[in-house]
Amino acid sequence: MEQNDTVGGRDSAWREQLRGAMPAKERTAIPRVEMPQLDGAYRVTCNEEVNQGLRPEMAVTEASRCLDCPNPTCVEGCPVGIDIPGFIKNIQRGNIAGAYAVLRRTSALPAVCGRVCPQERQCESRCIYNKMKKAPVAIGYLERFAADSAREAGVPAGEMPQSNGKKVAVVGSGPCALSFAGDMAARGFEVDVFEALHEIGGVLKYGIPEFRLPNSVVDAELDGLRAAGVRFHTDTVVGKTLSYERLLEMGFDGLFVASGAGLPRFMGIPGENLIGVMSSNEYLTRINLMGAGRPGSDTPVPAARRVAVVGGGNTAMDSVRTARRMGAEKAFIVYRRGEEEMPARVEEIHHAKEEGVEFMTLANPVEYVGDKTGRVTAMRVQRMELDEPDASGRRSPVPVDGAIDTIEVDLVIVSVGVSPNPLVPDSIEGLEVTSRGTLAVDENLRTSLPLVYAGGDIVRGGATVILAMGDGRKAAASMAESLLK
Amino acid sequence: MNRIIQKEQFSEKVVKLVVEAPEVAKARKPGHFVIVRCGSGGERIPLTIADADVAVGTVTLVVQNVGVSTAKICALEVGDSLTDLVGPLGRATDIGRRDGTVVCCGGGVGVAPLLPIIKAFKEAGNRVVSILAARNSQLIILEDEVRRYSDELIVMTDDGSAGAKGLVTDGLRRVLDGGDVAEVVAIGPAIMMKFVALLTKEYGIPTVCSLNTIMVDGTGMCGACRVNVGGRMRFVCVDGPEFDAHQVDFDEMMMRMKAYDAQK
């Protein structure tokens, strides 16, 4: 994983040349690129990816905005520490393979991260342009451009490294698991990934919709991992199909648990078990993984006219935008705080609005009402107002006395977070669990069992793709060190 | 892909399939279930495990044709394959020596998952009385196998075409009146389990039921299978499938199972 000439460090002659080629004043005068996107009215009629990606000339211009800072603070904002100026400057000089190689050094899934990372809160929030009161360099768009262009040009993702004779098993195949698998394979480990579902990719497949992250993009990243020697096994629940003891018997030297967050949370309010009230996990899984609503799929999904989605995160946005595409006339977000406080990526909120999604903020469901067959027909919503900031730093919502509205709905999607899935912790004896139900790990992500490491949502309880990937990298580094001692 | 190596037609709508699944065969215990998928556009549906052969590496599934997916599975022949089979899922039955008779009540295809439980309770040294119930004699399945592991077998049919005429609860009441019952296990249609639970509650006998709700992933992720047990929301796939029958809200469960009836 060392740097090579084709990629180049900041001191390379070509980097210096690029820095000198244009005065900073001229660079900073260039406006931030705008992502070409499909029209809102058109995209609710289909599942096509909303963001169309930058064209090469747009990417080069945007890349030239980057000042190639001596101490790039953007890198500190990235949970996996991608060499951001390194890949951006390679884009600027037209070396896609070089840009891709820089990305691959720290990320197994650059095409995914370029699409789903909350850049505005990570790398882009630390860009020097913010200090100049200007829009930051579009790092996420450029990452996606580099990864997509490399894929389209057939740049190989990696090659099979020399085996070190050790074998590791990975539980789950979401972003955390894949990033671990990629790093371990690069270090010469034999890697077997065990996935409970019938498709590889975890939340990238069942959760994030096609219009935000096409499956073909995920599949291409998986092919890259296969080329590096990673083996994938579907329909296998570690702890159930294969016990921990059985894995040791099969010759695995280490186990990495990245089984995800699992259990959807509900609010415990009356009527929540009515037909037509379901978790966002169920709704998105039916549609994204099972293809409900598409020809040839046996999986049903409720046909709904008025859809309420409860929550303000990315999963809530994915659900409400999916509902519009599934034909809902009215699809709206119900969120107990204000729009400012929503945890969703800003871009998702914009996109949702462009697609005709309505936002009912400062509103909290208190009851669902059904007809005599048990189908939900209405929800009762308590109006809220914002009080002082709470522990999370967000202003906490409090009910407005007597302000309760009844709203007609025929589908409610509950998207208020997830709890850790007890499946793996319960079925491997000796795995220590925290009071929140997550796996207990030390600073190296090692669990109470010396051969078992864990990361992602099963440790964090619910986070982003990139934080999960950061865990995968960290666990790979510490497990590799311990196994190769 | 899991190949079918044996098929038997139990009745017009019910088939027995012996399916290759070596790791599942090794790992499964009484009470577990699997999720299967048939065809590339196939739905994920839960099926109970009736038996397993570790040496050959197979599990036995009993499937009743009640909709699109089960119809596809019932139409599979020897040599065909299930596209996916994953398991064993859920928590295993709490088997052990009980202080008194264990009564196992099976309704319809519920007899299939009951069989390994009967066997295990018997092997744990219990006196086991089994009650099989169905609408008519044609729909009584696995009678010989159940008889082999039961100290006493009672067959009940709605029309009296086999065994005694009456419902499972009629047979059960007779056994309960005989005394010395430590535990009742009931597996069958929700309505049957509901009435078994109502009856055993009268007698104060601990009762376990196994729920077969709608599921998607079967690993706790979607919450489609949620049921109300003693006022708490529980997930059948990871918290069950067995629960204290006296605590289950069967009416709500039956309502929820009709969620997609209109789309069948």
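Arg246(A) and Glu23(B) form a salt bridge whose closest N and O atoms are 2.7 Å apart; a salt bridge here is a side-chain nitrogen of Lys or Arg within 4 Å of a carboxyl oxygen of Asp or Glu. Across the interface of chain B and chain A, 3 salt bridges are found by this rule. The structure is a predicted model, in which local features need pLDDT of at least 70, side-chain atom pairs count only at pLDDT 80 or more, and totals for chains, interfaces and linings use all residues. Residues are numbered from 1 along each chain as its sequence is written, chains are lettered from A and ligands numbered from 1 in the order in which they are written, and side-chain values use heavy atoms, with hydrogens and water left out.

The contact between the chains takes 43 residues from chain B and 41 residues from chain A, where contact means heavy atoms within 4.5 Å. About 3,400 Å² is buried between chain B and chain A, and carbon and sulfur atoms give 55% of this area. Buried area is the accessible area (1.4 Å probe) that two parts lose on being put together, summed over both. Met221(B), Arg226(B) and Tyr260(B) supply 19% of the area that chain B buries against chain A, more than any other three residues.

Chain B itself is divided into domain 1 (2-89) and domain 2 (101-256), with bounds that come from an automatic or database domain assignment. The C-alpha centres of these two domains of chain B lie 21 Å apart. Between domain 1 and domain 2 of chain B, about 1,500 Å² is buried, of which carbon and sulfur atoms give 67%. The count between these domains of chain B is 1 salt bridge.

In chain A, 5 strands form an open sheet with parallel pairing, in the order β5-β12-β6-β7-β8. Helices (H or I, at least four residues) and strands (E, at least two) are DSSP runs, numbered from the N terminus, and two strands pair if DSSP finds at least two bridges between them. The edge strands of chain A are β5 (277-279) and β8 (358-361), each of which pairs on one side only. The twist averages 25° from one strand to the next; axes are lines fitted to C-alpha atoms, for helices over the stretch in contact, and angles run from 0 to 180 degrees between N-to-C directions. Helix α16 (residues 314-325) of chain A lies across β6, β7, β8 and β12 of chain A, and runs at about 165° to β7(A).

In helix α17 (residues 346-354) of chain A, the buried residues include Glu347(A), Glu348(A) and Ile349(A). Buried means under 20% relative accessible area, exposed over 50%, and partly exposed in between (1.4 Å probe, protein chains only). Elements that cover the buried residues of α17(A) include α10 (139-152), α16 and β8 of chain A. Glu347(A) and Glu348(A) also belong to a network of salt bridges, whose other members include Arg43(A), Asp318(A) and Arg345(A).

Further salt bridges lie within chain A. Asp148(A) pairs with Arg144(A) in a salt bridge, the closest N and O atoms being 3.2 Å apart. These two residues are 4 residues apart in helix α10 of chain A, so about one helical turn separates them. Asp148(A) is buried at 8% relative accessible area, and Arg144(A) is buried at 5%. A salt bridge of 2.7 Å, N to O, also joins the side chains of Glu190(A) and Arg231(A). Because Glu190(A) lies in strand β2 and Arg231(A) in strand β3 of chain A, the pair ties together parts that are 41 residues apart in sequence.
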